[in-house]
Amino acid sequence: MLGNIRIVLVGTSHPGNIGSAARAMKTMGLSQLYLAAPRTEVDGKSTALAAGAGDVLDSLVVTDDLQSAIADCSLVIGTSARSRTHSWPMLDARQAGRKLAQQSEQGPVALVFGRENHGLNNEELQMCHFHVCIPANPEYSSLNLAQAVQLISYETRMAQLELEESPAEEEEVDYPDSAQMEGFYQHLEKVLLFTGFINQAHPGQIITKLRRLFNRARPEQIEMNILRGILTSIERVDSTNRNRD
């Protein structure tokens with residue numbers, strides 16, 4: 001199932017990092033590399049630093065933004081420094097590897113890495129179900145991109161090997177993919193603006209907090225259908241009342 005695990009690099013600015021990340025991936029059996037809104041192209045330096053992982057570079061996918069790269073993924077984990085201001089569900093590298101390995105048995109999943117200089121922005125982090133933080137030495141936490149890819153790819157491979165030796169006897173769960181979740185959030189915001197629950201002039205952090213809630217809860221597909229049905233019923237009641245008037 002390692003073929004269902006994609007590594008997504010967002011806004012990469014150094015071609016050498018793309019090649020080094022490809023090499024780190026291939027040593028752990030990963031081959032699906034996506035570049036979301038890259039600021040550079042694959043070049044000779046990328047190929048040189050890939051050191052035999054040229055096939056990963058040859059098959060990489062380039063997208064205009066992160067959402068396009070993860071649209072069909074039912075699990076998205078973003079790398080992030082631990083934040084005290086936004087308590088998003090956090091994982092360590094081992095936990096992230098286990099989740100990626102387990103969920104990849106059912107379809108595409110993504111591990112997202114941000115820009116070399118400042119990582120993922122808040123909007124991109126909100127697209128992720130979980131954040132993963134590598135607890136490096138606080139006095140010298142200078143991990144480069146390829147090293148971070150290598151660490152979590154290793155944990156993912158180890159988790160996959162464990163699953164192959166002792167397959168988990170868990171009921172298969174159908175989760176909505178990222179595009180479906182984004183559609184739900186847009187629908188939710190539209191209805192909350194209509195009902196007045198959110199003040200359009202001063203929306204505050206309500207949607208951000210609701211994203212955190214639903215990403216943490218990870219509703220199943222049937223539950224998502226119920227939630228969308230509830231929102232539609234609210235819109236339908238309003239339409240009926242307006243017709244009566």
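A: Let me begin with helix H9, whose end C-alpha atoms are 16 Å apart, in agreement with the 16 Å that its 12 residues should span at 1.5 Å a residue. The expected span is 1.5 Å times one less than the number of residues in the helix, and helices (H or I, at least four residues) and strands (E, at least two) are DSSP runs numbered from the N terminus. This is a predicted model, in which local features need pLDDT of at least 70 and side-chain atom pairs count only at pLDDT 80 or more, while totals for chains, interfaces and linings use all residues. Residues are numbered from 1 along each chain as its sequence is written, and side-chain values use heavy atoms, with hydrogens and water left out.

Q: Which residues of H9 are buried?
A: They are Ile207, Thr208, Arg211, Arg212, Phe214 and Asn215, where buried means under 20% relative accessible area, exposed means over 50%, and partly exposed lies in between (1.4 Å probe, protein chains only).

Q: And what follows H9?
A: Arg218 follows H9, with a positive phi near 50°, although Arg218 is not a glycine. Most residues other than glycine have a negative phi. Arg218 sits in the loop between helix H9 (206-217) and helix H10 (221-244), and at 13% relative accessibility it counts as buried.

Q: Where is Ala37, then, and what is its phi?
A: Ala37 also has a positive phi, near 45°, in a residue other than glycine, and its place is the loop between strand E2 (32-36) and helix H2 (44-50). Ala37 is partly exposed, with a relative accessible area of 35%.

Q: Changing topic, how many residues does H8 have, and how far does it reach?
A: H8 (residues 178-195) has 18 residues and reaches 26 Å from its first C-alpha to its last, close to the 26 Å expected. The buried residues of H8 include Ser178, Met181, Glu182 and Tyr185.

Q: What is there at the ends of H8?
A: At the N-terminal end, Asp177 caps H8, with a side-chain oxygen 3.2 Å from the backbone nitrogen of Ala179. After H8 comes Gly196, whose phi is positive, near 90°.

Q: What does Gln67 touch?
A: Leaving aside neighbours within four places in sequence, Gln67 is in contact (heavy atoms within 4.5 Å) with Met127, Ser178, Ala179 and Glu182. Gln67 is found in helix H4 (residues 66-70) and counts as buried at 19% relative accessibility.

Q: Now the domains: what does the assignment give?
A: The domain assignment, whose bounds come from an automatic or database source, gives domain 1 (2-164) and domain 2 (178-243). The centres of the two domains, taken over C-alpha atoms, are separated by 30 Å.

Q: How many residues are in contact there, and what area is buried?
A: In domain 1, 16 residues are in contact with 10 residues of domain 2. About 1200 Å² is buried between the two domains, with carbon and sulfur atoms giving 48% of it; buried area here is the accessible area (1.4 Å probe) that two parts lose on being put together, summed over both. On the domain 1 side, Trp88, Gln126 and His129 lose the most area to domain 2, together 39% of what that side buries.

Q: Which residue does Asp72 meet in a salt bridge?
A: Asp72 meets Arg6, at 2.8 Å from N to O. The pair links distant parts of the chain, 66 residues apart, with Asp72 in the loop between H4 and E4 and Arg6 in strand E1 (residues 5-10). Asp72 is partly exposed at 38% relative accessible area, while Arg6 counts as buried at 8%.

Q: And which residue pairs with Glu155?
A: Glu155 forms a salt bridge with Arg94, the closest N and O atoms being 3.1 Å apart. Glu155 lies in helix H7 (residues 145-165) and Arg94 in helix H5 (residues 93-103), 61 residues apart. Here Glu155 is buried, at 13% relative accessible area, and Arg94 is partly exposed, at 45%.

How values were computed. Polar contact = N/O pair within 3.5 Å; in protein donor to acceptor, adjacent residues only side chain to side chain. Salt bridge = Lys/Arg side-chain N within 4 Å of Asp/Glu carboxyl O.
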